[in-house]
Amino acid sequence: MRIEVIMPQMGESVAEGTIIKWHKQPGDAIEKDEIMLEISTDKVDSEIPSSHEGKLAEITVEEGETVEVGTTIAYIETEKDAEIESSGDGEDAKAEAAEETKEASPASENGEPIETKGRSGKDFYSPLVRSIAAKENVSQSELESIEGTGIGGRVRKQDLLAYLESRGAKPSGQPAKRTEPIKYSGPMEGVDVVEMDNMRKSIARHMRSSLDTSAHVYSVSEVDMTRIVKYREEHKAEFRNNEGFKLTYTPFIADATVRALLDFPRVNASVDMDKGEILEKRFVNLGMAVAIEDGLIVPVIKNADERSFLGLARETYRLANKARDEELNPDDVQGGTFTITNPGIFGNLYGLPIINQPQLGILGVGAIQKRPVVINDAIAIRSMMYLTLSYDHRVLDGAIGGQFLQRIVQYLEEFDGEGIL
Amino acid sequence: MSEITYIQAISDGLREEMQRDESVFLLGEDIGNYGGAFKVTKGFIEEFGEDRVIDTPLAESAILGMSIGAALQEMRPVAEMQFSDFVSTGFNQLVNNAAKIHYRWGAAVPMTVRMPTGGGVHGGPFHSQNTEAWFFHVPGLKLVAPSTPYDAKGLIKAAIRDNNPVLYFEHKYLYRRGKGELPNDDFVVEIGKGRVAREGKDLTVLTYGSMVPASIEAANQLASQIDTEVIDLRSLMPLDMELILESVRKTNKALIVHEDIKTGGIGAELSARITEEVFEWLDGPIRRVTSIDTPVPFAPSLEEYFMPNPDKIAAGIRELWDY
């Protein structure tokens, strides 16, 4: 292959150059980048390297001659195919480069075309397409039925619009207007959203946690409350007069329970599983569950074992009021060793309450109902009440649980009103 | 009305402002006796004298520092960076002084910096760069980039009259290639406003400077199949987001074209903003047609490979349209 060597342009304003010296003569072998000649322009003298490997075939401009930039000054013969090709700023190089630039992907960083990534295609719906579909009530299956003309079969805006027109609609092609930030799931039909307040969240946590902690078992018993009912009937007016508040069944049950707890200290305890210790309390702090608006709270009667019947009654009343007025302080609700709750308050027979951690048992009190019962092989009408004891089988077995409950029953049924008021 | 070239429009704009306001003066390398490297200020020193047309030493930091000082004295200097590439030696003056003085002291710096910019002129790495991205990132500077003679004249006037430091990116490639009809009376192009260079409904091309005519050419090439809208940003800081978003909402596909290299070019910020604001309106990814991430090559064939051109832009339009 014969390669033209031309007078190079050594600067923007340089128009011609003079050959000072040829370093090679025709017939000489020449390597690529080997200095071939020296030229002089009005700015600088320069050594010119060879652009090809081969043999200097012919010199067409002699030393001392001045020619215009671009003039052929020599020919080099290379090993390659017989074709004349110019070195330097030729037309061909430009054409080649132009070819390459045409192929280069416009958005590529280093000349390599960008691959269209995975998700484009049949399973991808752009934000705009989704938005129009939602606005025009196009279902997912409808969307999937549309033939996409985009890359990989993607459904484009115009495909969706065409589909909607065929469906009869006159779509605007605009996404649904949104005035608020988009939420993952908005309000649903027929559903009122109520925010949980702190108390509710706290109850939720405690109840779940308690079931996960204790091994709940339940014993149920009946109590014949007839004596207490009678007593209360006879004394409630006087009580009301003296104390300024109503006499309820609560202090009776509380009193019986406290005495039973003193008999069964194992029930009036808590457990430390890590240490493997049961902590029996010698004092009774009796929690009384109170229903308040939209929730419940358990104020604690401290040292209930030291209080008289009246004392229990008064303290119960005081705490219940405080609870309803939302004036309980943290101290009022802490430190309980056992809890009583009243599922029967609305007339229900009995309940299966959840233990108030870290206690080991809770007493659920049912409604008092007149029922026919068998006494001495005869049928009598008595005021009966169910009691449920929920207790923690990790610590308390059926024997003690059952006996403890029966003790409460016993105290209640033995009630004789002595020394109460 | 008269038809003039882009470079003539800049010249006329400068002259008219100097005639209108005595506090306007010029400073730069070779702008006085030589008439400017590209002859923008030919005849100026004869008309306005050497006090108002100052030939400076080869020292960009000094040129910019002097401008700041003069601006603080309530003059309106118009400094020239002979090639915008050279501004780097005056970088600190621009970004830490000019840009921040008003924030720090409450004093205005009403200076203009002419930045002959861009490639396609076989200038090599130090005479061909697009330097706007460096300053786009500096709060306190305004940036404009006209693409037509009308905007060239209107924006140089706006820049000089603006009380903030304004960088005026005049594209060297457009000097003698843009021709337009201009009104003879005084007119100003508001900084912060783009324009619709070509109306369309299928796809939006967002571009500025030398790539505006290139984009229009690409759009015309494809006109029988794709109706492309070309938005000439004109103002880079602040950007005319209202115009930009309105167009993207209309066409649902955005292609950003700039001669500046890809990484960290203004296109990246534009793309982010469009996604943030009008994601639900997009029917395709926001793509960019830009120069590649290298210094500007000197060899013409390499420079051509490096830069966008109408064919590459057309390919970009077509690919995004097909998506």
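Select B:Thr5 and show its surroundings: leaving aside residues up to four places away in sequence, B:Thr5 touches B:Pro149, B:Tyr175, B:Gly178 and B:Lys179, where contact means heavy atoms within 4.5 Å. B:Thr5 lies in strand β1 (residues 2–5) of chain B, with helices (H or I, at least four residues) and strands (E, at least two) taken as DSSP runs numbered from the N terminus. At 18% relative accessibility B:Thr5 counts as buried, a class that means under 20% relative accessible area, with exposed being over 50% and partly exposed in between (1.4 Å probe, protein chains only).

This is a predicted model, in which local features need pLDDT of at least 70 and side-chain atom pairs count only at pLDDT 80 or more, while totals for chains, interfaces and linings use all residues. Residues are numbered from 1 along each chain as its sequence is written, chains are lettered from A and ligands numbered from 1 in the order in which they are written, and side-chain values use heavy atoms, with hydrogens and water left out.

Stay in chain B and select B:Arg114 and B:Glu170, whose side chains meet in a salt bridge (2.7 Å, N to O), that is, a side-chain nitrogen of Lys or Arg within 4 Å of a carboxyl oxygen of Asp or Glu. The pair links distant parts of the chain, since B:Arg114 is in strand β5 (residues 112–117) of chain B and B:Glu170 is in strand β7 (residues 166–171) of chain B, 56 residues apart. Both B:Arg114 and B:Glu170 are buried.

Next, select B:Lys142 and B:Asp162, which form a salt bridge (2.8 Å, N to O) between their side chains. Here B:Lys142 is in strand β6 (residues 142–144) of chain B and B:Asp162 is in the loop between α7 (149–161) and β7 of chain B, 20 residues apart. B:Lys142 is partly exposed, with a relative accessible area of 23%, whereas B:Asp162 counts as buried at 12% relative accessibility.

Moving to chain A, select A:Glu243 and A:Arg314, whose side chains also meet in a salt bridge (2.7 Å, N to O). A:Glu243 is in helix α6 (residues 226–243) of chain A and A:Arg314 is in helix α8 of chain A, 71 residues apart. A:Glu243 is partly exposed, with a relative accessible area of 22%, and A:Arg314 is partly exposed as well, at 41% relative accessibility. Over all chains, the count comes to 37 salt bridges.

Finally, select A:Glu327, which is found in the loop between α8 (309–324) and β17 (338–341) of chain A.
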